[in-house]
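Student: Could you walk me through this one while I have it open? I'd like to go from helix packing to the core and then to the chain contacts.

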Amino acid sequence: MRVKSAFKDMDIARLIIAAFFVFLCIAAVALRLNISELISSSLTQMGMWGVLVLAMLPAIVSGTGPNFGVSLGIVCGLLGGLTALELAYRMEGVVAFPPGALFLVAILFSLPFALLVGIGYGWLLNRVKGSEMMIATYVGFSIVSIMKLAWVFLPFKNPEMAWPIGRGVRVQIALANRGLAQILNNFLAFRIGDVVVPTGLLLAVALAAFLMWLFLRSQTGMAMATAGSNPRFAEASGIVVDHQRIIGTVLSTVLGAVGILVYSQSYGFLQLYEAPMFMPFVAVAAILIGGASVKKATITHVIIGTVLFLGIQVVAVPVANAFTADWSSMGEISRKIIQNGVILYALTQAGGE
Amino acid sequence: MAVEPILRMKGISKSYYGTKVLDSINLSIMPGEVHGIVGENGAGKSTLMNILFGMSVIHSTGGFEGSIEIAGQPVEIKSPLQAMSLGIGMVHQEFMLLPNYSVAENIKLNREVLKPNFISRIFGPKLQSLDYDQMYADSRKALERLNIGIDEYALIAGLPVGHMQFTEIARELDKQNLRILVFDEPTAVLGESEADHLLQAIKEIAASGIAVLFITHRLNEIIEVCDNITVLRDGRHVTTKAKQDTNVIELAELMVGRSMSFATRQRQSSHQGRPIMEIKNLSVDMPGERVRGVNLTVYEGEILGIGGLAGQGKIGIANGIMGLFPTSGEVKVSGASLELNNPSASIAAGLAFMSEDRRGVGLLLDSSIELNIASGAMFGTGRFVKTWGPFSQVDQAAIRENAEKYIADLDIRCTGPKQHVRQLSGGNQQKVCIARALTMNPKILLVSEPTRGIDVGAKQLVLDTLRRLNAELGMTIVVTSSELAELRSICTRIAIITDGRVAGILRPDDSDVNFGLLMAGQPIDKGA
Amino acid sequence: MAASSRTVSGSLLHGRLAAARSFAIRNMVTIMFLVISALGYKLSGMTPFLFLMDIVARISRNAFLVLALIIPVMAGMGLNFSIVLGAMAAQAVVIFVTHWGFGGLPGVLLSMVLVTPLAAVLGLLTGNLFNRAKGQEMIAGLILGFFAQGIYELIFLQLVGGIIPMDNPAIVMSSGVGVRTTIDLTNGLKYGLDWPGQYWGNDLLLRPTLPWVIIGMAAALAVGIIIYQLRTDRRRRMSTAQLVITGAALAWACWWSVQQIQSRSQINWIRVPLLTWLVIAAACAGVHFFSKTKLGQDMRTVGQDRHVAAVAGIDVDRVRIIAIILSMVMAAWGHIIFLQNIGTFSTYGSHEQVGLYSAAALLIGGATVARATIGHGILGTVLFHTLFIVAPAAGRQLFGDAQIGEYFRVFVAYGIIGVTLAMHAWKQVLQRRSAAQ
């Protein structure tokens, strides 16, 4: 029922994208590509991005629009990850963290950062109502670029993170050393034929989505949604709209922090410096492709969007390559066109001021 | 008198979606005449002016009936641009001024004086240079006609409001072909001395041969400046009178009139309950409906009406009590002081509000009926929420049950409790608002403009519902309405608000004259 | 008598102080960057020669692009990040012009002619898009840039050499499909405008030395000010204080230049591409002239209030589209100037930062989202690129790592835009609130 009504939200732009995905899938079968591998890697990609796409939901629902500045949360998550690794290094010989515990520690460390940053960021967004998306984008860009300086100067001592020479932490920090790489993916993972199901990863996403669903049905969640959909009605009902927007922004930032850790463990590395810069756009595009608008979104949109957008990304590359070897960049190009095309489309649908 | 009227509107009628808002209006104005148009909100003044200006809202809704003649020539006015070229000018209620332009640039807005240059000869007239010297000179001339010392070089930003108003007028006077000038509530934003100056200017403009149409709520000004006065009510032309044949009291009476559709409530036995809400020196900063020190007591079990002309502040009272606009003063509910400027406190004190802006403030249009009905109680008092420590979940079953009860009770026509409110008719939306307010189980129900934007049949139903709530549940209700007849049909007492204060409190069966006097801001003559 | 004169002079002093304070607050960003740039220059330990050589090149390269942003600001559309499309159009045309074997000044002129209709069409489409996303033009422009990047890559990475035939090993990749990642314009458009005399030998007239150019500019400015003072209404003339300060600055610049010439210092080795600077001056004059025309006034009207403009009978959407077309064409020309100066470009990257750096430069010059002048553009170009030049060297001196300076200047570019946008949006919210009261 819900899925059906969600498909009703899909207008022509999304239908084209959905049709494109179906076409890619048919082509993949027709071209005799390794389907199991495609499915495995689709599942992994969807899991990796799932929480980050989910981070868009509280932002849109609380009325601040898609969180183009989720890189703030991402940076907090990275900071939590680095702090956890540093802790493991400093405590060597005192406490040995099992990988699972270390992962939780990383998440725990990232939470206070995300909470504080989220409150400040929400405060800022309350002051720039009407221009949230643009401000968020540039706040994200600014934070990522100032963090480049921070990565150089922060006093981390763990040699796994430092450059062999020079100062600062590396561009990519391997998680395999501490057993963190694919820690969720491998949890209860199983195979169906050649298809590998990253059970733990998908469960983590499902858990996050379920908690979000519960939250949206709580009194606070309802108040937040009301503040987002009609601020004046909300004020008249005794809801303090600005508080609700801050709650939405904090949730989005926290999910961004958790999301990047989930992403990174699957990827096997913490990516610093330039890497978080353009991640928000992928998450924004995904939820929009799922049928959300800049003012309205549901968990169903998150799920459909994640499946569609990341499915396309995974399948497009081998399909394009199978047509002609010259089309090696087609995957990346189609991602750029679809991702930014759908965001543009949503902006024109918003109807301006 | 062989002089021909400069403007003649004959048999003007207009319907919006089958509702007649103007019914055969006739209007004729001589050059040099100041003609006043008065009427309540919704009387049809703005529609009439929209027709005169060829606004697109008229033509996109099927045009109008009747004819317009300018200086004896029948004309069809299709667009504001055409109206301008026919010599019709308008001084808007809201300023059409740009703050970062000088007074002169604003006066010459999109009518800049241009001189060709080398580039424009190649690429077209859009690239002609502005002739600032000429623009300043022309502006000076127009300002001098108004006899006011405004510097044409000054930026609009930083000018006093009055000077902005005069800049607007100067813009119209600067149009060489100006023959008819419409003033739409020009004194609403002005202080007293500025308003006097404006009236003086209007007389002078008329003396130069321009016909002036003057729209205002301030009846004293009408009497002071107009030669003839036309009264509109409910889209009908009530009368046109020469100034010397009428007075403020008669005009007020004519404006509000007595509509025949509702029966006046009979005088009730004079027993009054104990005071349930005491309002002292309440001031509310609501734009366009400012309240300036209202004192009022509401008694338990009564239906108190709040009436008055638009813009006098009646709407602001309930909005202020509910904490929706900056408010000062003192409000006591059942003897306890109410914390002002805090909607939660007002809700917690047992007040429920049905806003005059139903679609904007009153409802979540894109949410279900059941959620709309439950939302007030849910956020206000935590009803329909199950809590476990810090965690909570809404009780869907209870919300559904409550919605179904009210859908049956109030006869809300819908496909079911999950239907979105946007798809309902105005009357059914209003019933959802009532259900929402009742779910909050209020001590006092504040209702603003309960019948605005609702068709006639539904109006009666909504009013009957309010009366029933009062009679059967003994609920105290405060109704604010622009429609006096409506107030007189359900209220026990009616407070008339003028200039942000209580002008007087009347019984529903008091005479029309008294209502008229209070609305016009005149004291009731004790002898009458 | 004495007492009263004292209070008068006291209040005068007070007034001057207040005026100076409000001037400082209004120009806080610019003053801050003046300080940062000066500090960075000190820290970098650069010689005046190296610094001036670099800044002259960077002004020639970037000033025109910054000017392209002014007209949309006038029309109330904010910072036009979609000029990236104009830059892409310029690169596309330059690739083909290079392929056809044109070079030098004719090549540059041909590129400018060919890019004009292309940029105009892109501007038309972009303007229409912006009209559908009113109030969100900036984010739409930014995303449109990313989107166009995809289309651009599709064309030049996948279609050229395949569906669009091009057989030129200097441009097309060895596989036969796709344009190489870097295009070398040496022997082609390089210095086509900066130094059209490159084939005829060292032409002093086209590339005079810096001191002489400074003297020339000072003289031109002085003449300009005198004419302005004589021809302008008394109220809008420059004040005596302004005249004294400007005169002193010009005199000092001339004195310094003469000294350099006499001392035969290294500064005399710095050559200014005169033609390019004249083109930039012409662009300034053009934008200034435009702002005083009917169309320019319409843009400023629309920029202040779309509703009032529409009621006054101005075709708001059309005016906005024209603003974007003009900006786009200027950006395309500006990028051609950029490319001929730099002499080699990255096919898939050189345009990416055009919007970011131009916008940052304009804002550092003191512009806001709602107000930008030619002066802001030129001053901002100088300040921003000063920072660009000195930041890596200062980073190396301070921390032993040039990368840190690089990170810092990128942060400054993003940060300045972020802060300016936030300030503007905040101001808008406050205005809306006060308008409602």
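Student: Is the crossing of α6(A) and α11(A) left-handed or right-handed?

Tutor: The crossing of α6(A) and α11(A) is right-handed, where right-handed means that the near helix is turned clockwise from the far one by less than a right angle, and left-handed that it is turned anticlockwise. Bear in mind that this is a predicted model, in which local features need pLDDT of at least 70 and side-chain atom pairs count only at pLDDT 80 or more, while totals for chains, interfaces and linings use all residues. Residues are numbered from 1 along each chain as its sequence is written, with chains lettered from A and ligands numbered from 1 in the order in which they are written.

Student: At what angle do α6(A) and α11(A) pack?

Tutor: Helix α6 (residues 99-127) and helix α11 (residues 241-267) of chain A pack at about 145°, with axes 7 Å apart; the axes are lines fitted to C-alpha atoms over the stretch in contact, and angles run from 0 to 180 degrees between N-to-C directions. Their contact has 18 nonpolar, 7 polar and 2 charged residues.

Student: Switching to chain C, what is the angle between α3 and α15?

Tutor: Helix α3 (residues 48-67) and helix α15 (residues 374-399) of chain C pack at about 135°, their axes 9 Å apart, which makes α3(C) oblique to α15(C). This crossing is right-handed, and the residues making the contact include C:F51 and C:I55 of α3(C) and C:G377 and C:I378 of α15(C).

Student: And how many residues of α14(C) are buried?

Tutor: In helix α14 (residues 354-364) of chain C, 11 of the 11 residues are buried, so the helix is largely enclosed by the rest of the structure; buried means that 20 or more other C-beta atoms, placed from the backbone, lie within 10 Å of the residue's own. Following α14(C) is C:G366, with a positive phi near 110°.

Student: How many residues has the largest nonpolar core?

Tutor: The largest nonpolar core has 408 residues, with A:A283, B:I202, B:V212, B:L446 and C:A360 having the most contacts inside it. Helix α13 (residues 316-342) of chain C gives the most to this core, with 18 residues.

Student: Last topic: how many residues of chain A are in contact with chain B?

Tutor: There are 16 residues of chain A in contact with 24 of chain B, contact meaning C-beta atoms, placed from the backbone, within 7 Å. On the chain A side, α9(A) gives the most, with 5 residues.

Note on methods: Contact = placed C-beta atoms within 7 Å. Helix = DSSP H or I, 4+ residues; strand = E, 2+ residues; numbered from the N terminus. Core = buried A, V, L, I, M, F, W, Y, C linked by C-beta atoms within 7 Å. Buried ≥ 20, exposed ≤ 12 C-beta atoms within 10 Å, placed from the backbone. Parallel < 35°, antiparallel > 145°, perpendicular 65-115°, else oblique. Nonpolar A, V, L, I, M, F, W, Y, C, P; charged D, E, K, R; others polar.
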